[in-house]
Amino acid sequence: REVKKAGVEIRLGTEVNDKIIKDIKPDAVVIATGGNPAIPEIPGLNVKNALTAQDVLADKVKVGQNVVIIGGGQVGCETGYYLASKGKKVVIIEILPRMAGDMGPMTRRRLMDGLRGKQVTLLTNTKCEEVRKDSVIVSAEGQRKTYPMDSVIMAVGYRANDDLFKAFEGKVPELYRIGDSSQPRGIREATQEGYRTGLSL
């Protein structure tokens, strides 16, 4: 409501493409298309068999009983807690020495206690070597181990969705790329970047 009062025109359900740019003829375009979940290069893993933490948390996909989550940052750990709370058997794989290293100490401690309380298997310093039809093979300190899996979930971060930015380069007087469409980061950095870009227009 306040945005409309300020005289800003809002168009919902509108695809931004070359035609709309030619029709509006904007002086500046700000791209804020966000990011796409990253799918790491792991043998046997692809966009067809890998669920994303984003879709799981939004209840957009069906998740099996035995779950392996690749990525033990905040998103991976919170997804693991969410699924364990639903009675799923969860294994979280993190290549770094510490789970949820991107969280503050107090909230991290509560989350770790919650994961352990729900008997989630937490594997640090561990690499996912291969995804098979019903299992995942991991390695840690030279040892390989197999975990049964009905669903594998990606929680390894995002890659910039910069397709629109590339499509409009050289076609408008001023072109800006902000938020995850520039470089995936946190909400604080994204809102600050949006604010600074607005001031520069």
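# Sheets, a hairpin and some loops

Visitor: Which three strands make up the open sheet with antiparallel pairing?

Guide: Those are S7, S8 and S9, in the order S7-S8-S9. S7 and S9 are the edge strands, each pairing on one side only. On average, neighbouring strands of this sheet are turned by 30° against each other, direction ignored. Strands are DSSP runs of E with at least two residues, helices runs of H or I with at least four, both numbered from the N terminus. Two strands pair if DSSP finds at least two bridges between them. Axes are lines fitted to C-alpha atoms (for helices, over the stretch in contact), with angles from 0 to 180 degrees between N-to-C directions.

Visitor: Thanks! What should I keep in mind about the model?

Guide: The model is predicted, so to speak for local features takes a pLDDT of at least 70 and side-chain atom pairs count only at pLDDT 80 or more, while totals for chains, interfaces and linings use all residues. Residues are numbered from 1 along each chain as its sequence is written, and side-chain values use heavy atoms, leaving out hydrogens and water.

Visitor: Back to that sheet. How many bridges join S8 to S9?

Guide: Six bridges join S8 to S9, and the two run antiparallel. Val 136 has Tyr 147 in S9 as its bridge partner, and Val 138 stands opposite Lys 145 in S9. Together S8 and S9 form a hairpin with two residues between them.

Visitor: Which residue in that turn has a positive phi?

Guide: Glu 141, at about 55°, although this residue is not a glycine. The loop that holds Glu 141 runs between strand S8 (135–140) and strand S9 (143–148).

Visitor: Is Glu 141 buried or exposed?

Guide: Exposed, with a relative accessible area of 79%. The cut-offs are under 20% for buried, over 50% for exposed and partly exposed in between, using a 1.4 Å probe and protein chains only.

Visitor: And what is the phi of Asn 125?

Guide: Asn 125 is not a glycine either, and its phi is positive, about 50°. You'll find Asn 125 in the loop between S6 and strand S7 (127–131). With a relative accessible area of 42%, Asn 125 is partly exposed.

Visitor: New topic: what is the strand order in the five-stranded open sheet?

Guide: The order is S3-S10-S4-S5-S6, with parallel pairing. Strand S3 (50–52) and strand S6 (121–123) stand at the edges with a single partner strand each, so each has one side left without a neighbour in the sheet. Neighbouring strands here are turned by 25° against each other on average, direction ignored.

Visitor: How many bridges join S3 to S10?

Guide: Three bridges join S3 to strand S10 (residues 151–154), and the pair runs parallel. Within S10, Met 154 stands opposite Thr 52.

Visitor: Which strands does helix H4 lie across?

Guide: Helix H4 (residues 74–84) lies across strand S4 (66–70), strand S5 (89–93) and S10, and runs at about 170° to S5.

Visitor: Where is Arg 98?

Guide: Arg 98 sits in the loop between S5 and helix H5 (105–117). Arg 98 is partly exposed, at a relative accessible area of 46%. Leaving aside residues up to four places away in sequence, Arg 98 touches Arg 108 and Thr 124; contact means heavy atoms within 4.5 Å. The C-alpha atoms of Arg 98 and Leu 123 are separated by 9.2 Å, with the two residues 25 apart along the chain.
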